[in-house]
Amino acid sequence: GLKDRGVASKFESGVLVHLDAAYNLARWLTHNDQDAQDVVQESMMRAFRAFESFRGGDLRAWILTIVRNTTFTYLRREKNLVSGQKDQPLEEDSGAAIGPADLDPQLIAMRASDVQAVRRAIEQLPTSLREVIVLREMEGFSYKEIAEVAGLPIGTVMSRLARGRQRLAQLLAAPMGLTPGEYNSGSGDVQRDINQRDAKQGSGA
């Protein structure tokens, strides 16, 4: 009836503008274009069914919450089909603690200019760190919005972002054959080249 058409029209005008963000998140979490498309399609169906219960607020965060939950359900379902195992927790970060010396802004800036290197590095992050990095750095979400989407306390979001950025620094160092520690110690021609470049930039050359 008219009510259904009104809901559909409202849904299309309000929700479908966030399709790119929905696909982006699903793609980063699934590592696969086709899986991401399936997840987004299922998410949009869920969102449409729940749309009348939406009571205002941040619509993009509401949509991406559904996408995130649908993605994790989908991944567990696919994993269970392959392995025949019951639900297991999704991949968590079990890496060793990373010290401040492992994070070098110069190194990140140099490698970040290589978009493919950054994408590969993000793909290698554990799921728990990857999702907060994608929501913050690619979708521009606030800590509060990420906490809402991921169902986490803000403190956990901030902690995971810090660990994710530090892990990215490590991963971005790897293609050069340097560990962040080696880089920070000032060894090698790469370090000298960067120092010279920074000196030139600093002098306005």
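These legends accompany several close-up views of one predicted model.

Residues are numbered from 1 along each chain as its sequence is written, and side-chain values use heavy atoms, with hydrogens and water left out. Because the model is predicted, local features need pLDDT of at least 70 and side-chain atom pairs count only at pLDDT 80 or more, while totals for chains, interfaces and linings use all residues.

**Figure 1. The whole chain, as a starting point.**
The chain holds 11 helices and zero strands; here helices (H or I, at least four residues) and strands (E, at least two) are DSSP runs, numbered from the N terminus. Its pattern along the sequence reads α-α-α-α-α-α-α-α-α-α-α. Of the 205 residues, 38% count as buried, where buried means under 20% relative accessible area, exposed means over 50% and partly exposed lies in between, with a 1.4 Å probe and protein chains only. A contact means heavy atoms within 4.5 Å.

**Figure 2. Helix H2 crossing helix H3.**
Two packed helices are described by the angle between their axes and the distance between the axes. For H2 (residues 19-30) and H3 (residues 33-50), the axes come within 8 Å and cross at roughly 130°. Axes are lines fitted to C-alpha atoms, for helices over the stretch in contact, and angles run from 0 to 180 degrees between N-to-C directions. H2 and H3 are therefore oblique to each other; angles under 35 degrees count as roughly parallel, over 145 as roughly antiparallel, 65 to 115 as roughly perpendicular and the rest as oblique. The crossing of H2 past H3 is right-handed, meaning that the near helix is turned clockwise from the far one by less than a right angle, with anticlockwise giving a left-handed crossing. On the H2 side, look for Leu19, Ala22, Tyr23, Ala26, Arg27 and Thr30, which meet Asp33, Asp35, Ala36, Gln37, Val39, Val40 and Met44 of H3. By class, the residues of this contact are eight nonpolar, two polar and three charged. In this scheme Ala, Val, Leu, Ile, Met, Phe, Trp, Tyr, Cys and Pro are nonpolar, Asp, Glu, Lys and Arg are charged, and the others, Gly among them, are polar.

**Figure 3. Tyrosine 23 and its partners.**
Tyrosine 23 sits in helix H2 and counts as partly exposed, at 28% relative accessibility. Leaving aside residues up to four places away in sequence, tyrosine 23 touches Asp33, Ala36, Gln37 and Val40. The C-alpha atoms of tyrosine 23 and valine 40 are separated by 6.1 Å, although these residues are 17 residues apart along the chain.

**Figure 4. Two histidines in two loops.**
Histidine 18 belongs to the loop between H1 and H2 and is buried, with 17% relative accessibility. Setting aside residues up to four places away in sequence, histidine 18 touches Leu59 and Arg60. Histidine 31 is found in the loop between H2 and H3 and is partly exposed, at 37% relative accessibility. A backbone detail to check: phi of histidine 31 is near 65°, a positive value in a residue other than glycine.

A pair of aromatic rings is described by the distance of the centres and the angle of the planes. The whole structure contains four aromatic pairs; rings of Phe, Tyr and Trp (its six-membered ring) pair if their centres lie within 6.5 Å, and planes under 30 degrees apart count as stacked, over 60 as edge-to-face and the rest as tilted. Phenylalanine 11 and phenylalanine 48 have ring centres 5.2 Å apart and planes at 80°, so this pair is edge-to-face. Phenylalanine 11 lies in helix H1 (residues 2-15) and phenylalanine 48 in helix H3, so the pair ties together parts that are 37 residues apart in sequence. Phenylalanine 11 is buried, with a relative accessible area of 6%, whereas phenylalanine 48 is partly exposed at 37%. For phenylalanine 11 and phenylalanine 51, the centres are 5.4 Å apart and the planes at 85°, so this pair is edge-to-face. Phenylalanine 51 lies in the loop between H3 and helix H4 (59-83), so its pairing with phenylalanine 11 in H1 ties together parts that are 40 residues apart in sequence. Phe11, Phe48, Phe51, Phe54 and Trp62 form one aromatic cluster.
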